[in-house]
4 protein chains.
Amino acid sequence: MAKNIAILGASGYTGAELIRLVSFHPEMSIAALAADRKAGQAIGDVFPHLRHLGLPDLVKIEDIDFTDIDLVFCALPHGVGHKLVRDLPEKTKVVDLSADFRLTEAETYKKWYGLDHTAMDIQPDVAFGLPEFYRADIAKARITANTGCYVATSLLPLIPLLREKVIAPDPIVIDAKSGVSGAGRGLNEPMLFSEANEGFKAYGVGHHRHMGELDQELSKAAGVDVIASFTPHLVPMIRGMQATIYARGDAETAQQVLEATFADEACVDVLPLGGIPQTQHVKGSNICRIGLVPDRIEGRFIILSVLDNLMKGASGQAMQCANITLGLPETMGLPQVPVFP
Amino acid sequence: MAKNIAILGASGYTGAELIRLVSFHPEMSIAALAADRKAGQAIGDVFPHLRHLGLPDLVKIEDIDFTDIDLVFCALPHGVGHKLVRDLPEKTKVVDLSADFRLTEAETYKKWYGLDHTAMDIQPDVAFGLPEFYRADIAKARITANTGCYVATSLLPLIPLLREKVIAPDPIVIDAKSGVSGAGRGLNEPMLFSEANEGFKAYGVGHHRHMGELDQELSKAAGVDVIASFTPHLVPMIRGMQATIYARGDAETAQQVLEATFADEACVDVLPLGGIPQTQHVKGSNICRIGLVPDRIEGRFIILSVLDNLMKGASGQAMQCANITLGLPETMGLPQVPVFP
Amino acid sequence: MAKNIAILGASGYTGAELIRLVSFHPEMSIAALAADRKAGQAIGDVFPHLRHLGLPDLVKIEDIDFTDIDLVFCALPHGVGHKLVRDLPEKTKVVDLSADFRLTEAETYKKWYGLDHTAMDIQPDVAFGLPEFYRADIAKARITANTGCYVATSLLPLIPLLREKVIAPDPIVIDAKSGVSGAGRGLNEPMLFSEANEGFKAYGVGHHRHMGELDQELSKAAGVDVIASFTPHLVPMIRGMQATIYARGDAETAQQVLEATFADEACVDVLPLGGIPQTQHVKGSNICRIGLVPDRIEGRFIILSVLDNLMKGASGQAMQCANITLGLPETMGLPQVPVFP
Amino acid sequence: MAKNIAILGASGYTGAELIRLVSFHPEMSIAALAADRKAGQAIGDVFPHLRHLGLPDLVKIEDIDFTDIDLVFCALPHGVGHKLVRDLPEKTKVVDLSADFRLTEAETYKKWYGLDHTAMDIQPDVAFGLPEFYRADIAKARITANTGCYVATSLLPLIPLLREKVIAPDPIVIDAKSGVSGAGRGLNEPMLFSEANEGFKAYGVGHHRHMGELDQELSKAAGVDVIASFTPHLVPMIRGMQATIYARGDAETAQQVLEATFADEACVDVLPLGGIPQTQHVKGSNICRIGLVPDRIEGRFIILSVLDNLMKGASGQAMQCANITLGLPETMGLPQVPVFP
């Protein structure tokens with residue numbers, strides 16, 4: 001029997017993408033869609049592209065009966081998940097797309113998000129939602145904290161290289177670029193078409209809040225403290241993300257490690273040495289594609305990691321985690337053929 | 001057992017979209033991919049977004065053994081289909097995306113395409129590939145001539161209104177707009193990013209070659225000769241098509257006819273009277289969405305018809321036809337949830 | 001001595017474009033910039049692209065001393081101009097970019113804008129700001145009501161053809177398309193990059209408020225009531241506007257009338273018969289470019305009129321009017337070389 | 001009397017931009033436009049946006065009489081300039097936008113461009129066309145080798161910091177991004193709208209040919225060999241370029257050096273410490289805008305340098321050099337107000 005799914009935060013872009021994915025899924029069905037400010041509206045009024053699918057209207061979270069819900073996707077702003085998850089029935093699985101459960105230390109959460117972590121008692125039961133490295137944890141956990149988009153893009157190539165000590169932990173430079181949908185659906189002037197189109201800019205330079213999560217996982221992989229230089233940029237496209245990573249180490253060894261690590265992974269595609277991936281070639285799919293190119297400077301190389309920020313960077317990966325935690329085949333229902341052009 | 005599919009013209013955009021659709025399809029598998037100039041290349045070299053799918057290399061058409069092929073999608077330039085289709089085994093079904101079999105009169109084909117129609121003997125066995133109106137024909141035919149993108153966008157609302165004599169056959173103005181992918185992958189200056197982006201233009205004004213097909217079908221529906229004013233335009237987006245149609249008649253009656261006609265159609269979505277569709281809300285899906293708005297001038301109204309030119313305007317509709325002609329459920333394998341944003 | 005210019009509404013896109021134009025102008029200098037909600041801010045905080053120009057900070061309108069101001073550009077929302085203009089010194093010239101003074105009948109203003117026209121006593125002294133047809137009026141008037149962007153695009157070809165009775169007054173279909181900057185800088189969801197990019201839609205179908213102005217001027221030109229079908233659309237580009245106009249008449253006569261009308265006009269460029277203009281080829285300039293193509297239907301033709309909505313559609317034309325009313329050469333300071341690509 | 005200008009390579013994007021700039025210039029007039037393959041055509045056929053300007057038709061270079069030409073802009077492909085410049089009259093000044101005269105060593109030229117440098121005898125008389133650092137040389141030189149776009153973007157902040165030894169010469173990481181117009185008007189598949197739009201990619205990773213020029217100038221500034229990691233990327237926008245530069249040193253000292261260096265420069269705008277520039281805010285102008293942000297890692301900072309690749313990255317800077325070498329005011333005729341939005 002199909003699993004009953006609730007999506008909380010269904011009026012945002014990651015929510016819409018989750019609806020798309022659950023609709024494709026042969027073993028899942030949408031039981032409830034919540035969006036507090038838009039509660040009471042038909043989904044077709046909030047997202048006209050979904051109007052023909054016969055979906056339930058949006059409701060308030062408090063009006064959902066979670067009794068028969070097998071899994072909840074939380075696509076809510078940072079800060080509301082701690083209380084919310086505590087109040088859910090014990091047997092309900094949760095995949096949380098916010099940062100609320102990604103950081104294992106309360107101080108780190110406070111530092112980067114300016115909020116108290118009020119669910120530290122639950123935190124030890126949370127799996128870090130990067131399936132390629134935490135698959136077993138996710139299978140057992142009640143709660144999975146889906147990795148952020150910038151962090152997933154960076155960690156997928158960096159974790160194996162740091163674990164295997166193929167690259168030096170310092171300096172690592174991560175120059176990252178995101179499509180505009182990563183900023184969500186909130187109204188602010190820099191995201192207007194006339195402001196964002198035909199332009200390029202950095203933002204959050206030196207202090208972007210995804211850094212806490214990045215430091216935690218890079219350090220864990222390396223076994224020593226790793227602090228990377230990380231600069232996010234905004235690209236005038238809707239979907240897509242790239243990390244250009246500058247590292248020290250032997251390029252051929254690094255290539256071998258990446259190939260070996262991801263040989264059997266359905267959602268990570270390592271190009272041959274010297275190959276250059278493009279974001280548009282993974283659009284709409286749950287693929288992270290990685291290229292590694294030797295620098296002309298001896299002993300250095302450049303890693304290019306691309307994904308669709310709404311898919312492998314958010315909702316696609318959340319579905320991958322959901323499949324794992326529900327005991328379903330990991331890529332079930334994931335449309336792995338990119339939409340190009 | 002899955003149907004064996006060959007795609008001829010696999011290195012173009014409609015070819016790539018067909019590969020995407022066949023890959024999703026639970027009852028089809030790709031047996032051969034042909035692209036004459038790029039024969040011998042891996043599909044991943046021609047379309048990097050498809051490299052991880054384990055597809056066969058591109059071959060020449062003449063090197064395909066059609067013996068076990070159940071259906072051929074022809075996504076080739078106009079003019080090569082006549083001979084090609086004649087040479088295929090009798091039992092092989094064909095869905096042709098070119099204009100080669102769309103026109104029932106040899107002179108009309110010659111007039112608009114400048115070529116002799118060399119397969120007039122086969123022509124009577126061809127179904128016109130617009131399933132909502134020619135479903136029974138398609139089910140029986142060996143060859144289906146998939147309707148062109150501009151023509152499908154226009155015919156879906158106009159055929160029922162002309163058949164029911166709800167609108168006057170003259171004047172009908174069709175102001176049509178297409179995303180750039182409709183121009184294909186050929187190299188020419190106006191399609192360069194720096195030329196096409198941030199701009200808008202008409203083209204083929206007064207003499208676009210889709211007019212032959214349009215006249216034929218509008219006249220057949222009306223029972224009298226219908227010649228519409230038709231102007232195509234290029235919009236700086238990859239996918240998407242809209243026809244804005246100006247007609248005389250009673251808006252409410254027209255709305256009722258459209259709603260009745262498409263009530264049970266899975267691929268056509270009629271908005272409530274006054275509703276305005278947007279191309280981005282059907283992107284990636286096989287949906288044609290139609291809105292009808294009364295003009296402020298008594299007795300006139302405006303129809304807005306949108307679709308994804310590579311899907312319901314080309315490859316998606318071709319798959320719909322293929323399902324019908326193979327006896328499969330009509331929308332099997334068609335991803336009907338648009339990719340938005 | 002340079003003319004002192006005040007720009008009211010300097011924090012919007014037409015305001016920014018006026019600043020650009022006054023900065024180029026050899027005989028004008030910026031004396032005051034007003035933007036009520038952003039009063040007190042440096043222009044560089046509101047428009048970073050202007051930060052290096054040494055411009056005055058934004059102030060409230062009431063804090064401007066208009067004594068030495070030679071001309072005021074009002075780039076304010078509809079509805080505030082009536083009182084404002086009345087309170088300005090008698091000798092101060094005004095070019096108003098809103099609709100407040102475009103309509104000569106109070107009822108018409110009320111009908112389309114939902115507001116009372118509270119300055120009907122001043123209205124008779126207002127010139128309609130379309131210099132190619134109202135140049136003498138503008139030279140004498142204290143106030144010029146700058147023509148709206150859609151209306152200018154449509155009127156430039158249609159006024160001479162209606163005046164000369166080359167086209168029938170009915171039916172005229174105007175299918176118009178605008179870049180997103182025409183919607184201004186206000187925050188609303190459909191103008192977010194992720195919503196507007198890669199999409200196309202109509203809006204205000206059947207009841208767009210520019211219709212009042214359009215009716216007034218078309219009827220005046222024809223000498224009989226003219227009501228055109230008019231549909232605006234949104235194109236995913238920042239700047240640019242096109243009207244595709246369907247009319248009945250003799251194409252060659254119409255071409256001759258257009259060529260004769262605009263032969264000596266610096267800001268209107270008529271292409272040879274059959275020529276197709278593109279919006280990107282007039283971007284950043286004050287040029288309206290017009291093409292006329294015979295339809296395949298005898299006795300009908302299609303007019304394609306393009307301009308930059310922020311230039312000849314708004315601020316450029318306002319500068320043209322300002323030059324005229326101040327007795328300066330009409331194109332002084334107007335950068336007439338488009339920015340392409 | 002106005003200077004007579006010839007533009008060689010007038011059918012490319014930098015050629016078109018030069019025409020725009022010369023048209024604005026009060027002391028220059030266009031005497032000849034050359035484009036070998038398109039010789040004989042009207043400029044309006046090659047660049048419709050220029051058709052209303054009364055410009056001369058395109059001719060072959062060999063058909064130009066250079067006798068009265070004061071200055072030649074060479075906007076030709078790499079490799080043809082050596083012979084060409086040698087054959088020009090002694091008194092004709094040259095600003096060359098290609099790489100032919102940028103490298104002072106023949107071997108370096110050969111290494112990066114694969115061609116023999118056949119004008120090494122002239123090379124010592126060439127000025128490096130980066131006016132902020134080579135102004136005096138340019139004033140005296142007959143030939144100026146206009147700096148490449150990526151290199152100008154990088155050198156403007158890096159030269160003063162290396163000269164003053166504020167940053168360590170190793171490692172320097174330059175992660176650079178360019179709009180698509182930088183690729184020119186040549187026909188190739190990756191530059192088609194449908195391929196380049198809605199995507200992001202690196203290219204020339206590890207071996208881009210601008211590296212020779214970069215090494216030369218960085219090393220000269222530092223007084224020791226400097227080899228930076230440099231990765232160019234393609235952004236789906238027409239114009240605009242950014243270099244994100246990662247360096248070691250004291251951020252406040254670096255900020256002071258940048259502010260002092262460019263305090264009196266009209267074409268370089270240094271933001272306050274922590275400021276983030278955007279490419280769209282310098283579009284159409286000859287401004288390079290620089291921001292410097294401390295990294296969270298002690299002793300490191302990030303420089304963000306943006307410009308319009310066709311202006312300060314190519315034709316605008318060429319005009320700046322031309323003004324200097326002709327003894328005119330340096331920014332004469334340069335439209336310094338960006339076109340935004």
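Guide: We'll go through two chain contacts and then one residue, keeping in mind that this is a predicted model.

Visitor: How many residues go into the contact between chain D and chain A?
Guide: There are 39 residues from chain D and 39 residues from chain A. On the chain D side, the elements giving two or more residues include strand E8 (173-179), helix H7 (193-196) and strand E11 (241-248).

Visitor: And how does that side divide by class?
Guide: For the side of chain D that touches chain A, it's 19 nonpolar, 12 polar and 8 charged.

Visitor: OK, what about chain C against chain A?
Guide: That contact takes 15 residues from each of chain C and chain A. Helix H7 (residues 193-196) of chain C gives the most to its side, with 3 residues. By class, the chain C side has 8 nonpolar, 4 polar and 3 charged residues.

Visitor: What rotation superposes chain C on chain A?
Guide: 180°, with 0.0 Å of shift along the axis and an RMSD of 0.0 Å. So the two copies are related as by a two-fold rotation axis. Both use the same surface, as 100% of the contact residues of chain C recur in chain A.

Visitor: Switching topic: is C:Asp175 buried or exposed?
Guide: C:Asp175 counts as buried, because it has 27 C-beta neighbours inside 10 Å and the cut-off for buried is 20 or more. It is found in strand E8 (residues 173-178) of chain C.

Visitor: What is C:Asp175 in contact with, neighbours within four places in sequence aside?
Guide: B:Asp175 and B:Thr244 from chain B, plus C:Thr231 and C:Thr244 from chain C.

Definitions and conventions
Residues numbered from 1 in each chain as written. Chains lettered and ligands numbered in written order. Predicted model: local features only at pLDDT ≥ 70, side-chain atom pairs only at ≥ 80, totals over all residues. Contact = placed C-beta atoms within 7 Å. Helix = DSSP H or I, 4+ residues; strand = E, 2+ residues; numbered from the N terminus. Nonpolar A, V, L, I, M, F, W, Y, C, P; charged D, E, K, R; others polar. Least-squares fit on C-alpha atoms with pLDDT ≥ 70 in both. Buried ≥ 20, exposed ≤ 12 C-beta atoms within 10 Å, placed from the backbone.
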